[in-house]
Amino acid sequence: METGFGKGCHLHLIDGSAFIFRAYHALPPLTRKSDGLPIGAVAGFCNMLHRYVEGNTGPDAPTHVAVIFDYSGKSFRNTMYDQYKANRPPAPEDLVPQFPLTRVATKAFNIACKEVEGFEADDIIATLSCQARDAGGRVTIISSDKDLMQLVGGGVEMLDAMKNKRIDRDGVIEKFGVGPERVVDVQALAGDSVDNVPGAPGIGIKTAALLINEYGDLESLLDRAEEIKQPKRRQTLIEKRDQIELSKRLVQLDCDMTLDFSLEDLEVKDPEPETLMNFLAEMEFRTLTKRIAEQNGIEAPVIPDAPVNVPTSAEAPADQPFDPEAYEWVKDRASLEAWAAKAVAKGYVAVDTETTGLDEMVVDLVGVCLSVEAGEACYIPVGHKKGSSDDLFGSEELDENQLPLDVVLDVLKPVLENESVLKIFQNAKYDCKILKRYGVTVAPIDDTMLLSYALHSGIHNHGMDALSERYLNHQPIPIKTLLGTGKSAITFDRVPIVDAVKYAAEDADITLRLWQKFKPKLHQEKVTTVYETLERPLSPVLAQMEMHGIKVDRDTLSRMSNAFAQKMAALEAEIHELAGRSFNVGSPKQLGEILFDEMAIEGGKKGKTGAYATGADVLEDLASQGHDLPARVLDWRQLSKLKSTYTDALQDHINPDTGRVHTSYVQTGANTGRLASTDPNLQNIPVRTEEGRRIREAFVADEGKVLISLDYSQIELRILAQMADIEALKQAFRDGLDIHAMTASEMFDVPMDEMTSEVRRRAKAINFGVIYGISGFGLARNLRIPRGEAQDFINRYFERFPGIRTYMDETKAFAKENLFVQTLFGRKIHMPEINAKGPRAGFAQRAAINAPIQGTAADIIRRAMIRMPAEIAGLPAKMLLQVHDELIFEVEESAAQEVTEIARRVMEGAAEPVLKLDVPLVVDAGQGANWAEAH
DNA sequence: CTAGAGCGCTCG
DNA sequence: GTACGAGCGCTCTAGC
């Protein structure tokens, strides 16, 4: 092989992670000017890499080079020893988004960039070093990590780039007191507190080297441990033998990995100054960009001081007309490849998929649209069928009009998975789930829906039609015009492709233009961190949870449904008997007429539409006055609700392929940052009544597994105590007191041990009332007490906790002044009606008081959810559901305990390190074969 | 026949 | 006229 690796070759292996951390800590927290993206570590990394490349001249220059990275997540060493590196604090928040960028940077320098799942960088370095040495070449490992010293010798040396100091065999002996071949033995004995390698207690490097030199190697030492004179040392080596042997396995690097690339692939390549410069310019590194340009005699792109992508008024996307005729119908491979190349060259592309329906778990892909420039877009049909009533297509196969699916995926997959091409979607979760089913894992992404949510929550909804009309002044083609409505509606695969091109490509065009508008606004509105840390990373987590789904037992639901039907029939007969005639019990209107006209019960109140109110509170009052009919109706309604909404409707949502129910979370569903769950809503499964709670028995774990439920205890009250800074409440939480009883005790001067349940109930209602923006009227209605009395309670509460009133007043004042409120994590919830007059003012003020509390709680559980997948990686556990303050997992029984502990730790620590709360977050946990048992 | 409003009930 | 935040099933009516 003429380009093979062999004698005379010189391989450089750069420890990429070491570079990153050194760069991160050496530089202040720089951010990219245009959008606030944290970029300090990338800047330092690029500087170091640039300096490295420049220094690489002369006879000793490498012939082959690679930067090696750690794969995020756990390595095979964690399966040997779960505490391995457990002491390591998680990477700083602002460093995390920079990891992938350092990979992109490496490639921009035209240097090979390698990482392997389940292995540490050290193992890859070890394997490559051995291969290179065996081939007769030389190796320089650029790192100062002492763990790599075991590799030195036989043509392998280390280079500490900072001190510019070479470490050869003598250097290793100087450091460890033994040669490289015995370094692992010394490390096994000495242990490593940083990586949490236990070693032999009481033995350090010096002693270890002494022992190894005396006995030759570790195995001999352990076998002959009895001979050691010092009693303490002898005892340790005998007793801790297992631990020492484990330590050796932990520090021993894997020289024998199977790699999907070879040494030849690492050959030094000629620099590509343009590529590099474009990357540097995109990162907005002015100095380095200029230097590269000068060194290569090319022109540096202008990096604007103003945010990029801010259209000037003359060329604002909204001002460019939408021209459906300009969109391209892609029907041959060459055109498709041209679009893929355009996307790669730009570094971003707006993508939209068309499917046969709305259920991502079921539907088929019909087409894909791309756009890389406003006004330019294409539609790539892949699944259109011959329409029933048109003759647009010549043949059933349509080979003239659309490319085969495998060709389209073949070309697009590398782009969709290319980490240096940003894929822009409107509601990425939907498209990514579809594409996942076709074997494509899309990353990285931006999402205009989430951008809008971070920017505009509370102002409007975030659907594409609304956004387009509002921000682009353009009304998109309604899908109805293509599909029709109701019974006669068709699916998208039956839409003639000529029409589909205009509709679908327009969506990609709109998405791109919205992105150009929104992305720079992120920084201006100071919600970059919200988007980057609370919105964008959550989307794939939700997608995964939705795809897992939860197993629901149809028979259980079916049996319950029958039982409910029987009881309802009996009640219905009784109700008709009492009414004296037959009527629809499910009709509030008819019921009102029966009660207040025909039976002439007093006190009927008509609502806005002129109908009598017949809500549960009204019927309960009547029932307590001794009326039987309303009491029966209440029973009937409870059963009716359970049957129609739960036992019946839920069955229709069981996916025939998976036997599971796959809800859909709407990330932008609630203004406060909470999620909403739809199709079906699994966030309102009954729990408060015994009969309703039994519905949860139908939510089951798969065989051999259990469901685990963990929920935050009183999280909103804890956040209130924190935000309003109420020392008495904070202390009560720190002391683990019953917070409602404690409130009652303070308010009514009742000692805790003499507390009655009635007094506690009232205090609990007040506590909740505070969170909701309390009013005398509301509390009175909730507690069913006179309004004056309720007002007395509130007054007394404010007297005892004046800080709460101050917090409420300040929050309202802030909202009126700024027209938004904020969570502790910076999420903005806009309050456009806060200065309105009339009843709307009251609504807006209460919402303003509630939103920061509810929203902060929502942010905290989001942070836990985002971290969770990495924390439970490798364990037989899946996160399935979120119910506002609760997470539900499905776990193999044997791992239930471990997963519970991990999830609890993650949830209780989810505010950190951004927020240091004065109150502890407490998580309660349960497990069982079904959701009723687990909760 | 279909879409949308209103009511009522479920959850945190 | 009022507790905060959600979704969904049913009835009823307006309009094609």
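1. A crossing of two helices is called left-handed if the near helix is turned anticlockwise from the far one by less than a right angle, and right-handed if it is turned clockwise. In this structure, which is a predicted model, the crossing of H25 and H26 is left-handed. Helix H25 covers residues 616–624 and helix H26 covers residues 628–652, and their axes come within 8 Å and cross at roughly 140°. That angle makes H25 oblique to H26.

2. The side of H25 that takes part in this packing supplies Ala616, Leu619, Glu620, Leu622 and Ala623, which meet Pro630, Ala631, Val633, Leu634 and Arg637 of H26.

3. Helix H31 (residues 757–772) packs with helix H35 (residues 839–871) at an angle of about 100°, and their axes lie 7 Å apart. Angles of 65 to 115 degrees count as roughly perpendicular, and H31 and H35 are therefore roughly perpendicular to each other. On the H31 side the contact is made by Val770, Ile771 and Tyr772, and on the H35 side by Arg846, Ile849, Asn850 and Ile853. The residues of the contact of H31 with H35 divide into five nonpolar, one polar and one charged.

4. Helix H8 spans residues 205–215, and its buried residues are Thr207, Ala208, Ala209, Leu211, Ile212 and Tyr215. Just after H8 comes Gly216, which takes a positive phi of about 95°.

5. Leu880 has its place in strand S21, which runs over residues 877–882. With a relative accessible area of 1%, Leu880 is buried, because buried means under 20% relative accessible area. When its neighbours within four places in sequence are left aside, Leu880 is in contact with Met545, His548, Gly549, Ile550, Arg660, Tyr665, Leu707, Ile888, Phe889 and Glu890. Lys641, by comparison, is 239 residues from Leu880 in sequence and 25 Å from Leu880 in space, taken C-alpha to C-alpha.

6. Two cis peptide bonds deserve a look when the backbone is checked. One joins Asp679 and Pro680, with omega about -5°, and Pro680 is found in the loop between strand S16 (676–678) and helix H27 (690–693). Another runs from Glu912 to Pro913, with omega near 0°, and Pro913 is found in the loop between helix H36 (896–908) and strand S23 (923–928).

7. Lys85 has a phi near 60° and has its place in the loop between helix H3 (76–80) and helix H4 (99–108); with a relative accessible area of 24%, Lys85 is partly exposed. Asp725, likewise not a glycine, has a positive phi of about 55°, and its place is in the loop between helix H28 (715–724) and helix H29 (727–734).

8. As for the overall division, chain A is split into domain 1 (10–168 + 261–266), domain 2 (324–525), domain 3 (551–661) and domain 4 (716–853). The centres of domain 3 and domain 4, taken over C-alpha atoms, are separated by 34 Å.

Methods:
Residues numbered from 1 in each chain as written. Chains lettered and ligands numbered in written order. Predicted model: local features only at pLDDT ≥ 70, side-chain atom pairs only at ≥ 80, totals over all residues. Heavy atoms only, no water. Axes fitted to C-alpha atoms, helices over the stretch in contact; angles between N-to-C directions. Helix = DSSP H or I, 4+ residues; strand = E, 2+ residues; numbered from the N terminus. Parallel < 35°, antiparallel > 145°, perpendicular 65-115°, else oblique. Contact = heavy atoms within 4.5 Å. Buried < 20%, exposed > 50% of the residue type's maximum accessible area, 1.4 Å probe, protein only. Domains from an automatic or database assignment. Nonpolar A, V, L, I, M, F, W, Y, C, P; charged D, E, K, R; others polar.
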